[in-house]
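This report describes the chain shown here, taking up its disulfides, its helix and its strands in turn. How are the parts of the chain held to one another?

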Amino acid sequence: MRILYLLFAVLVFLFQATPGVADLGPPSADTMACKAQGGFCKLVNCPPVFSISGTCQDGQLKCCTR
């Protein structure tokens with residue numbers, strides 16, 4: 001019977017909401033412009049076949065396009 005209480009506690013722990021993960025609201029204007037160009041946002045340098053064509057997230061990320 002004790003195992004059921006332990007199992008229930010583990011399940012509650014596993015399925016709880018992850019702290020820090022939330023909807024951040026609408027994307028910024030530069031992010032929308034990047035997506036409209038067919039690009040994607042990246043924190044570090046773009047992959048070799050892509051070039052940096054702007055910024056995302058109010059200048060915090062790089063917009064990579066072909």
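## The disulfide of Cys 34 and Cys 63

Cys 34 and Cys 63 form a disulfide, with their sulfur atoms 2.0 Å apart. This pair links distant parts of the chain, since Cys 34 lies in helix α2 and Cys 63 in strand β3, 29 residues apart. The model is a predicted one, and the distances and angles in this report are computed from it.

The link of Cys 34 and Cys 63 is right-handed, with 90° about the S-S bond. Both of these cysteines, Cys 34 and Cys 63, are buried.

## The other two disulfides

How many disulfides are there in the count? With sulfur atoms within 2.5 Å as the criterion, the count comes to 3 disulfides. If the bonded cysteines of the chain are numbered in sequence order, their pairing reads 1-5, 2-4, 3-6.

A second disulfide joins Cys 41 to Cys 56, with an S to S distance of 2.2 Å. Cys 41 lies in strand β1 and Cys 56 in strand β2, so this pair ties together parts that are 15 residues apart in sequence. The link of Cys 41 and Cys 56 is left-handed, with -80° about the S-S bond. Buried residues are those under 20% relative accessible area, and partly exposed ones lie between that and 50%. Cys 41 counts as partly exposed because its relative accessibility is 23%, whereas Cys 56 is buried, with a relative accessible area of 0%.

A further disulfide joins Cys 46 to Cys 64, S to S 1.9 Å. This pair, too, links distant parts of the chain: Cys 46 is in the loop between β1 and β2, Cys 64 is in strand β3, and the two are 18 residues apart. The torsion about the S-S bond of Cys 46 and Cys 64 is about -85°, so this disulfide is left-handed. Cys 46 is buried because its relative accessible area is 15%, and Cys 64 is buried because its value is 0%.

## Helix α2 and its two sides

Which residues of helix α2 are buried? Helix α2 spans residues 29-36, and its buried residues are Asp 30, Thr 31 and Cys 34. These residues are on the same side of α2, because they cover an arc of only 100° around the axis. An α-helix has 3.6 residues a turn, so residues three or four places apart point the same way.

The face of α2 turned away from the buried side carries the exposed residues Ala 29 and Ala 36. On the buried side, what covers the residues includes β1 (40-42), β2 (51-56) and β3 (61-65). Cys 34, one of the buried residues of α2, is also the residue bonded to Cys 63. After α2 comes Gly 38, which has a positive phi, near 85°.

## Contacts of Asp 30

Asp 30 lies in helix α2. Leaving aside residues up to four places away in sequence, Asp 30 touches Thr 55, Cys 56, Gln 57, Asp 58 and Gly 59. Among these contacts is Cys 56, the disulfide partner of Cys 41.

The C-alpha atoms of Asp 30 and Gly 59 are separated by 7.8 Å, although the two residues are 29 residues apart along the chain.

## Strand pairing

β1 and β3 run antiparallel and are joined by 3 bridges. β2 and β3 also pair in the antiparallel sense, over 5 bridges. Cys 63 in β3 stands opposite Cys 41 and also opposite Gly 54.

The hairpin of β2 and β3 has 4 residues between the strands, and in this hairpin Gln 57 takes a positive phi near 50°. Gln 57 is also one of the residues touched by Asp 30.

## The annotated span

An unreviewed UniProt entry gives the annotation "domain: Beta-defensin-like" for residues 30-64. In the model this span is 20% helix and 37% strand, and its end C-alpha atoms lie 12 Å apart.

Technical notes
Residues numbered from 1 in each chain as written. Predicted model: local features only at pLDDT ≥ 70, side-chain atom pairs only at ≥ 80, totals over all residues. Heavy atoms only, no water. Buried < 20%, exposed > 50% of the residue type's maximum accessible area, 1.4 Å probe, protein only. Arc of directions from axis to C-beta. Contact = heavy atoms within 4.5 Å. UniProt positions renumbered as here; feature names shortened; annotations may be inferred. Pairing = 2+ DSSP bridges.
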